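User: I am new to this structure and would like to learn how to read its features one at a time. Could we work through some together?

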Amino acid sequence: MEKEKSPDQELLNDVCRNAEMGRDSIMHVIKLADDPKFRRSLETQLSEYQKVYDSADSMLQERGGKPEDVPAMSKMMSYVMSSMKTINDNSPSCIAEMMIQGSTMGVTKITKRINEYKGHDERVRDVANKLLHTEQVNIEEMKKYL
């Protein structure tokens, strides 16, 4: 029987899953980005997601846990949707719109999780807030390409 996760482990897992989805989404669309400036924006976002993921992963392991993968079905649905949307239009505007939609979902999910967090570790709360800030910055950056 699996032992129950602490509030810290729950929030850190949510951060990891959210950052993983952002990272995977960018890795899928970045190869479609021909515009060098847009590509650099995506690379910067990819790097930020990786930093947040690594921080949350490290903190989770300190607490005896390990990141839970994003469900395969969620990844597949995201991949299929982005493939369908970019099949006829892989312009920066189209990709930016998709990235804004994904980051908006990320903002909603992580805000909800932060508000539900019953733990008291400020480091855990800080990494979740770092993800929230990253998502918000990403949205603002992508708006430039609409």
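User: Leaving aside neighbours within four places in sequence, which residues is tyrosine 49 in contact with?

Analyst: Keep in mind that this is a predicted model. Once neighbours within four places in sequence are set aside, tyrosine 49 is in contact with Ala19, Gly22, Arg23, Ile26, Ser103, Leu131, Glu135 and Asn138. Tyrosine 49 itself sits in helix α2.

User: Is tyrosine 49 buried or exposed?

Analyst: The cut-off for buried is under 20% relative accessible area. Tyrosine 49 has 2% relative accessibility, so it counts as buried.

User: What confidence does the chain have?

Analyst: The average pLDDT of the chain is 93, and 98% of the residues score at least 70. Within the chain, helix α3 (residues 72-86) has the lowest confidence, with a mean of 81, while α5 has the highest, at 98.

User: How many residues are in the largest nonpolar core?

Analyst: In soluble globular proteins, nonpolar side chains tend to be buried together. Here the largest nonpolar core has 34 residues, and Phe38, Leu42, Ile110 and Met142 have the most contacts inside it. Two or more residues of this core come from each of α1 (7-29), α2 (36-62), α4 (92-116) and α5 (122-143).

User: Ile110 is on that list. Which residues is isoleucine 110 in contact with, leaving aside neighbours within four places in sequence?

Analyst: With those neighbours left out, the contacts of isoleucine 110 are Leu11, Val15, Asn18, Ala128, Leu131 and Leu132.

User: At what angle do the axes of α1 and α4 cross?

Analyst: Two packed helices are described by the angle between their axes and the distance between the axes. The axes of α1 and α4 come within 10 Å and cross at roughly 175°. Angles over 145 degrees count as roughly antiparallel, so α1 is roughly antiparallel to α4.

User: Which residues make the contact between α1 and α4?

Analyst: From α1 come Leu11, Asp14, Val15, Asn18, Ser25, Ile26 and Val29. From α4 come Ile95, Met98, Met99, Gly106, Lys109, Ile110, Arg113 and Ile114. Sorted by class, this contact of α1 with α4 has 9 nonpolar, 3 polar and 3 charged residues.

User: Is valine 29 buried or exposed?

Analyst: Valine 29, in helix α1, has a relative accessible area of 1% and is buried. Beyond its neighbours within four places in sequence, valine 29 is in contact with Leu42, Ser82, Ile95, Met98 and Met99.

User: Where is valine 52, and what is it in contact with, leaving aside neighbours within four places in sequence?

Analyst: Valine 52 is in helix α2, and at 2% relative accessibility it counts as buried. Apart from those neighbours, valine 52 is in contact with Val15, Val127, Lys130, Leu131 and Thr134.

Methods: Residues numbered from 1 in each chain as written. Predicted model: local features only at pLDDT ≥ 70, side-chain atom pairs only at ≥ 80, totals over all residues. Heavy atoms only, no water. Core = buried A, V, L, I, M, F, W, Y, C linked by side-chain atoms within 4.5 Å. Buried < 20%, exposed > 50% of the residue type's maximum accessible area, 1.4 Å probe, protein only. Contact = heavy atoms within 4.5 Å. Axes fitted to C-alpha atoms, helices over the stretch in contact; angles between N-to-C directions. Parallel < 35°, antiparallel > 145°, perpendicular 65-115°, else oblique. Nonpolar A, V, L, I, M, F, W, Y, C, P; charged D, E, K, R; others polar. pLDDT = per-residue confidence, 0-100.
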